[in-house]
Amino acid sequence: MLDRLDNFFVKIERTICVITFLAMVAVVLWSVLCRRVLMIPFLAGEELTRYLAIYSIFFGTSVAVKEKAHVGVEVFINLLPPRALKAARLLGDALTCVLFAIMLALSVKMLLQYGQTRQLTTITKLPMTLIYCCVPAGMFLSVLHGLTGLVQSIRAGKEADAA
């Protein structure tokens with residue numbers, strides 16, 4: 001059940017990443033076209049690109065958690081004996097989940113603060129809550145993927161021990 005939910009969210013996250021990246025490219029191209037060819041300013045281009053990048057980053061982070069694609073230094077960990085290596089990786093996965101859970105709590109607090117102040121973006125006048133709602137969403141999905149990976153690692157360890 002957890003695996004199916006996890007895979008469902010990954011499809012959505014990847015789609016969001018592709019759409020936001022393509023939209024970023026389109027906005028930048030339109031900005032350049034307006035500035036260099038049409039000789040009209042497109043002031044919202046930089047702001048829109050920045051906010052689309054934020055969406056790409058936070059949803060991309062959760063995809064990277066799912067695929068265990070984050071940068072890590074494993075030189076010393078790989079020197080450990082097999083049992084200690086397994087324990088170190090489980091501990092690392094657990095600490096990663098805790099870190100993302102803390103970031104989730106802090107990002108929800110940040111989002112609530114933006115909601116209370118009703119702050120708007122400078123040029124496009126979009127609500128900041130709309131812009132930054134991707135932060136808790138990305139952190140939640142990172143926690144979900146991290147927990148799924150942790151459960152899978154524990155299951156794999158038990159199956160290896162039983163064999």
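How many salt bridges does a search of the whole structure find? The search returns four, a salt bridge being a side-chain nitrogen of Lys or Arg within 4 Å of a carboxyl oxygen of Asp or Glu. The structure is a predicted model, in which local features need pLDDT of at least 70 and side-chain atom pairs count only at pLDDT 80 or more, while totals for chains, interfaces and linings use all residues. Residues are numbered from 1 along each chain as its sequence is written, and side-chain values use heavy atoms, with hydrogens and water left out.

Confidence comes first. The pLDDT score is the predictor's confidence in each residue, from 0 to 100. For the protein chain the mean pLDDT is 89, with 97% of residues at 70 or more. Among the helices (DSSP runs of H or I, at least four residues, numbered from the N terminus), α2 (residues 44–66) has the highest confidence in the chain, a mean of 93. Confidence is lowest in α5 (residues 134–162), where the mean is 85. As a friendly reminder, where pLDDT is low, the predicted coordinates should not be read in detail.

After α1 comes Met39, with a positive phi near 55°. Buried residues (under 20% relative accessible area, with exposed meaning over 50% and partly exposed in between; 1.4 Å probe, protein chains only) in α1 include Asp6, Val10, Glu13, Cys17, Thr20 and Met24. In general, an α-helix has 3.6 residues a turn, so residues three or four places apart point the same way.

Cys17 counts as buried because its relative accessibility is 17%. Leaving aside residues up to four places away in sequence, Cys17 touches Ser56, Phe59 and Gly60, contact meaning heavy atoms within 4.5 Å. By contrast, 33 Å separates the C-alpha atoms of Cys17 and Asn78, which are 61 residues apart along the chain.

Leu2, Leu5, Phe8, Ile12 and Val151 make a nonpolar surface patch of about 370 Å², and α1 supplies its largest share, four residues. Phe8, in α1, counts as partly exposed because its relative accessibility is 47%.

In one of them, the side chains of Arg14 and Glu67 meet at 2.0 Å, N to O. This pair links distant parts of the chain, with Arg14 in α1 and Glu67 in the loop between α2 and α3 (82–117), 53 residues apart. Arg14 is partly exposed at a relative accessible area of 41%, and Glu67 is partly exposed at 44%.

Another salt bridge joins the side chains of Glu46 and Arg50 at 3.3 Å, N to O. Both residues lie in α2, four residues apart, about one turn of the helix. Glu46 counts as exposed at 60% relative accessibility, whereas Arg50 counts as partly exposed at 39%. Asp93 forms a salt bridge with Lys68, and their closest N and O atoms are 3.0 Å apart. That pair also links distant parts of the chain: Asp93 sits in α3 and Lys68 in the loop between α2 and α3, 25 residues apart.

Conventions. Helix = DSSP H or I, 4+ residues; strand = E, 2+ residues; numbered from the N terminus. Patch = residues over 30% accessible without salt bridge, like charges linked within 9 Å, V, L, I, M, F, W, Y side chains within 5 Å. Areas by Shrake-Rupley, 256 points an atom, 1.4 Å probe, with all protein chains shown as cover.
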